[in-house]
Amino acid sequence: MSRKATTVTGDSKPVSSSQPFSHPGLARVVLRHLRGKSRRPPALHTRKAFEAISDSVEKAGLPLIFDSFCGTGMSTALLAQRNPQALVIGIDKSSHRLGRHQPGATDNYLLAQADCGDFWRLAVQANWQLEQHFLLYPNPWPKPGHLKRRVHGSPELAELLALGGQVELRSNWQVYVEEFGTALVLSGQHPHINLLEPEEPLSLFERKYLQSGHPLWRCCCQLVHNRPS
Ligand SMILES: C[S@@+](CC[C@H](N)C(=O)[O-])C[C@H]1O[C@@H](n2cnc3c(N)ncnc32)[C@H](O)[C@@H]1O
């Protein structure tokens, strides 16, 4: 069996990987992380970023949407505009990307410079529950040896599950989306995967990939309750 190479008409290259299908070690890694409890403590800079916004979040008392790995926060502002009933929090570790944020049409969003996994963990500890959680084009980490850096191969999957809500992950690498879906199934969830054909891009990477003719994949899942004891 072989998978057809992605056609490219723009200037962005498709993800290149020696791993054409889901990683053979995926189930072992996911199940180990789901059983495991030990985690390193959240980094100080993320604790500070969390503390800086947690009062506003709790005072607002609005449904919460996370836009994890938000880059410049273009999607954060658009999601806020589309969801005026909610508070949207964009999280990215890069001050450079966040520094390029263009303010949106509404003010019901916040940006945090933080590590997503640590931020999720602090949010779980604070008993936050999400209405929606977007993960748009996380770094693919395409080498087989990078599995544990992918969201579903990392211990942080447990926190993502505990935060609940409607999760939507998008990627231009089909393997990543299929692995994410498998990890959710292994966690007792019921995801579905489809090809996405957005009329308007939600993020800068989505725009770049659309212009380059990449197929865009999406995994959606309404998470059922899964809070660690
Ligand atoms: C491929 S870009 C996608 C950005 C944006 N979602 C988009 O679609 O335009 C991936 C982003 O993830 C961020 N990132 C990678 N690892 C991260 C982590 N552990 N915590 C927070 N942000 C991270 C990077 O800084 C980068 O902005």
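Helices (H or I, at least four residues) and strands (E, at least two) are DSSP runs, numbered from the N terminus, and two strands pair if DSSP finds at least two bridges between them. This is a predicted model, in which local features need pLDDT of at least 70, side-chain atom pairs count only at pLDDT 80 or more, and totals for chains, interfaces and linings use all residues. Residues are numbered from 1 along each chain as its sequence is written.

**Sheet**
- Aspartate 67 stands opposite phenylalanine 134 in strand 4.
- Strand 1 (residues 64-68) and strand 4 (residues 130-136) run parallel and are joined by five bridges.
- The open sheet has seven strands in the order 3-2-1-4-5-7-6, with mixed pairing.
- Strand 3 (109-113) and strand 6 (192-196) are the edge strands, each pairing on one side only.
- On average, neighbouring strands of this sheet are turned by 20 degrees against each other, direction ignored.
- Five bridges also link strand 2 and strand 3 in the parallel sense, and glycine 90 stands opposite leucine 111 in strand 3.
- Strand 3 is largely enclosed by the rest of the structure, because four of its five residues are buried (20 or more other C-beta atoms within 10 Å of a residue's own; exposed means 12 or fewer, partly exposed in between; C-beta atoms are placed from the backbone).

- Leaving aside neighbours within four places in sequence, leucine 157 is in contact (C-beta atoms, placed from the backbone, within 7 Å) with Val30, His33, Val151, His152 and Ala183.

**Ligand shell**
- The ligand is surrounded by 20 residues, counted when the C-beta atom, placed from the backbone, lies within 6 Å of it.
- The closest are Phe69, Gly71, Ser94, Ser203 and Phe205.
- Strand 2 (87-92), helix 5 (116-125) and helix 8 (204-211) each give two or more residues to this shell, and helix 8 provides the largest share, three residues.

**Valine 224**
- Valine 224 lies in the segment after strand 7 and is exposed, with 11 other C-beta atoms within 10 Å.
- Serine 187 is 37 residues from valine 224 in sequence and 9.9 Å away in space, C-alpha to C-alpha.

Conventions. Two residues are in contact if their C-beta atoms, placed from the backbone, lie within 7 Å. Axes are lines fitted to C-alpha atoms, for helices over the stretch in contact, and angles run from 0 to 180 degrees between N-to-C directions.
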